[in-house]
Amino acid sequence: MHASSEAITLHLHPRHPDPARGLALALDLDRASGPVVLDPARLILVGSARSADLRIDDPTVSARHARIGGDGHGIMVEDLGSTNGTYVDGVRVQRAWLTPGVRLGLGGFRATVVARDASPRPRERVNPSGMIGSSPVFQDMLARLRKFAGLGQAVLLRGETGTGKELAARALHGEGPRAGGPFVAVNCGAIPEGLFESELFGHVRGAFTGAARAHVGAFVRAHRGTLFLDEIAELPFPLQAKLLRVLETRRVVPVGGEQEQAIDVRVVSATHQPIERLVAEGRFRCDLYHRLSVLAVDVPGLGERPDDIPELLSHFAAELAAEFGRPVQLTDEALRAARGRRFPGNIRELRNALLRAAAVHDGPLGPRELFPAGPSAPASTAGPTDALAVPRGTYAAMHRSLLELVVREAGSIRKAAARLDVPRSTLCAWLKPEAA
Ligand SMILES: Nc1ncnc2c1ncn2[C@@H]1O[C@H](COP(=O)(O)OP(=O)(O)OP(=O)(O)O)[C@@H](O)[C@H]1O
């Protein structure tokens, strides 16, 4: 997912600025020199360029990354077309007010906005990375994320498309000890097969035709931070072995190069595919799967937390109101209708429905404005979607399909192996296609 590649950039208004406090802000960069006071009467240029007023020496920060300054009402940050984006509480923004307590991200660099003269304090325990939702299933997931954030191990995020896996990855990064390091997101589903190696590990100049310049790979860019590998199931099979080697040796060699480079990276990966089934079918390496899923988090779809839908809609309405500079209101009827609807594209689909409605209609938005295509099948009619059909073929094929069924039922190969009382490696071997 793609907060970083979304077509729409929000002009976010995270909280209404309180002029009394909003004008007395400082930026806590976690430096020994203490927070940098933000002068409401002055615009400062923030970036990695030597000439920047506030220089941040970080490879993910652009030379002229953002501008921060007062406009008489409060202090704002404005992205200046940076490569890796400006984030407020985990949401990519073009422009946003800064208020005490918000987490400002410049590329992979993180800083906290604090009230001037206030000593930096840990953020109150609100949902991390601006993730909205109060339902028990969602709060359980957040509790898991918080617990895992402090650990160094790899995390696999599983969940349907649009459920917030990238936000969850950012939360793992932002709430953990690597928060000051870079967060680098790579969408494995969007990289042409021939470029994978170079994207992940980099290449030296002249490594292949067209490689006129050296390229720093994602692993090196994520050094001391987090590498988010989205759509990990799309990683071509031959690359899976290479990725495994890098994870085991903690060293990368750029394409065409000889020099190994040590890397210290936490890998968080995500998939909306039934990855255990892909492992069972021999399409995803079992050993890599185990490497990536030391810890796993299931990000619930909206179908599992319909009670959060009104809250999410109200949150997005407030964001859009700030962007459009006019109120965006939803009727109670619209909120009720949304709660009873299915959203296969989950939160992304929900937000886009509101965005479309708010762009077209000025007044309060009812069900008809929000869902002009008419009612969808109510949420409760969603039947079982992907029951595994066991083929009536050869004994070997049926045997494998039944094992796959056990893996899916159990939720992981490890659990399935425990249920069958066989070592994990044995189950992996049985599941290989050639074993059928
Ligand atoms: N809990 C949440 N609260 C507020 N906004 C959310 C939440 N979860 C997701 N979003 C928003 O929904 C959109 C989709 O989220 P995200 O890209 O993280 O999903 P994803 O699961 O990674 O999607 P994909 O599988 O398609 O890559 C984003 O705009 C994100 O900001």
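Leaving aside neighbours within four places in sequence, Asp 79 is in contact (heavy atoms within 4.5 Å) with His 65, Ala 66, Gly 85, Thr 86, Val 93 and Gln 94. This is a predicted model, in which local features need pLDDT of at least 70 and side-chain atom pairs count only at pLDDT 80 or more, whereas totals for chains, interfaces and linings use all residues. Residues are numbered from 1 along each chain as its sequence is written, and side-chain values use heavy atoms, with hydrogens and water left out.

**Asp 79**
- Asp 79 belongs to strand E7 (residues 75-79); helices (H or I, at least four residues) and strands (E, at least two) are DSSP runs, numbered from the N terminus.
- Although Asp 79 is buried, it has no salt bridge, and the nearest side chain of opposite charge, Arg 92, is 5.5 Å away. Buried means under 20% relative accessible area, exposed over 50% and partly exposed in between, with a 1.4 Å probe and protein chains only. A salt bridge is a side-chain nitrogen of Lys or Arg within 4 Å of a carboxyl oxygen of Asp or Glu, and for charge Lys and Arg count as positive and Asp and Glu as negative, while His and the chain ends are not counted.
- The side chains of Asp 79 and Ser 82 are joined by a polar contact of 2.7 Å, a term for a pair of N or O atoms within 3.5 Å where, within protein, one must be able to donate a hydrogen and the other to accept it, and where residues adjacent in sequence count only if both atoms are side-chain atoms.

**Strand E12**
- In strand E12 (residues 155-158), Val 155 and Leu 157 point one way and Leu 156 and Arg 158 the other way, and all are buried.
- E12 pairs in the parallel sense with strand E17 (residues 266-271) over four bridges, where pairing requires that DSSP finds at least two bridges between two strands; Ala 270 in E17 is the bridge partner of Leu 157.
- Strand E18 (residues 295-298) also runs parallel to E12, joined by four bridges, and Leu 295 in E18 stands opposite Val 155.
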